Amino acid sequence: MTVNSQHAFNVSVLISGQGSNLQAIINAISDHQLPVNIVNVISNREDVPGLQRAQRAGIETVVISKHAYADRNQFDHALAKALSKTPADLFVLAGFMHILPDSIVTPYLGKMINIHPSLLPKYRGLHTHQQVLTNGDKYHGTTVHLVTPTLDAGPIIAQARFDVASDLTADSLKAQCQQLEHRLLPKVIGWFAEQRLCYQDDLLLFDQHPLPTCGIQLDQHDLFPCA
Ligand code: GRF
């Protein structure tokens, strides 16, 4: 899927499932809101809806299924090989359900981002929506961060938050959270493509200024200005 073939900013998207964030990226490109080229979609699961979304958009797909490898090391080796063969300026983990070893993460420091469904540093790992409910949090949201060897702990690029209404379920929180994700992730990728955002000398820079540790803070009105 090519937008501007001459100086395209190449992105690889890693998925494991639904691929609704992948679809949001594809839609932003089709709507001329995001000047990037998706070079491939890499999935660690076969037959997931995200792969069909990629195929419908004419994007190359690469499947590296755990079932095809004797152990985790061999799987990681195959994944590392696929990444090294991918000519991407940015690797986007969009629902990629695999904890990457240091050996894969370190070479891509500053070039690999993840979207996580919580306001990090709160709730690393799984079941974030339920934890928000259990703890009676007033706010919930999503974070895009750089991937570093420690799970969900890399420098925060941007967060989008919303007020948690009463009588919500984990599923409805997830749906609300994903609406924000579908705006936030293409926005952050666009900042990289426009070179407004970059990682230099261990610092995340936005318009050449270091980002605060909480990253760029947005809310639903920033992402849905007409709502
Ligand atoms: C997203 O909510 C993301 O935050 C988390 O996994 C989910 C993936 O959803 N890391 P989808 O596959 O993009 O629909």
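Trainee: What covers the buried residues of α1?

Mentor: In this predicted model, nine of the eleven residues of helix α1 (residues 20-30) are buried, so the helix is largely enclosed by the rest of the structure. Those buried residues are Ser-20, Asn-21, Leu-22, Gln-23, Ala-24, Ile-25, Ile-26, Ala-28 and Ile-29. Their cover includes β1 (9-15), β2 (36-43), α2 (49-56), β4 (90-93), β5 (112-116) and α6 (170-193).

Trainee: Is Ser-16 buried or exposed?

Mentor: Start with its place in the chain: Ser-16 lies in the loop between β1 and α1. Its relative accessible area is 1%, and buried means under 20%. Ser-16 is therefore buried.

Trainee: Which side chain makes a polar contact with the side chain of Ser-16?

Mentor: Leaving aside neighbours within four places in sequence, Ser-16 is in contact with Ser-43, Asn-44, Arg-45, Val-48, Gly-95, Phe-96 and Met-97. With Met-97, the side chain of Ser-16 reaches the backbone nitrogen, at 2.7 Å. The side-chain partner, joined by a polar contact of 2.7 Å, is Asn-44.

Trainee: Which elements give two or more residues to the shell around the ligand?

Mentor: Let's begin with the surroundings: the ligand has around it Gln-18, Gly-19, Ser-20, Asn-21, Gly-95, Ile-115, His-116, Pro-117, Gln-178 and Glu-181. The ligand sits in the largest pocket. The elements giving two or more residues to its shell are α1, β5 and α6.

Trainee: How much of the ligand's area does the protein bury?

Mentor: Let's look at some atoms beside the ligand. Oxygen atoms of the ligand lie 2.5 Å from a polar side-chain atom of Ser-20, 3.5 Å from a backbone N or O atom of Pro-117, and 3.0 Å from an N or O atom in the side chain of Gln-178. Taken alone the ligand exposes 370 Å², and the share of this that the protein buries is 85%.

How values were computed. Residues are numbered from 1 along each chain as its sequence is written. This is a predicted model: local features need pLDDT of at least 70, side-chain atom pairs count only at pLDDT 80 or more; totals for chains, interfaces and linings use all residues. Side-chain values use heavy atoms; hydrogens and water are left out. Buried means under 20% relative accessible area, exposed over 50%, partly exposed in between (1.4 Å probe, protein chains only). Helices (H or I, at least four residues) and strands (E, at least two) are DSSP runs, numbered from the N terminus. Contact means heavy atoms within 4.5 Å. A residue is near a molecule or strand if one of its heavy atoms lies within 4 Å of it. A polar contact is a pair of N or O atoms within 3.5 Å; within protein, one must be able to donate a hydrogen and the other to accept it, and residues adjacent in sequence count only if both atoms are side-chain atoms. Accessible areas come from the Shrake-Rupley method with a 1.4 Å probe; for residues, only the protein chains shown count as cover. On a 1 Å grid over the protein atoms alone, a cavity is a set of points where a 1.4 Å probe fits but cannot get out, and a pocket is an open set with protein on both sides within 12 Å along at least five of seven lines; lining residues have an atom within 4 Å of a point. A molecule sits in a cavity or pocket if more than half of its atoms lie within 2 Å of its grid points.
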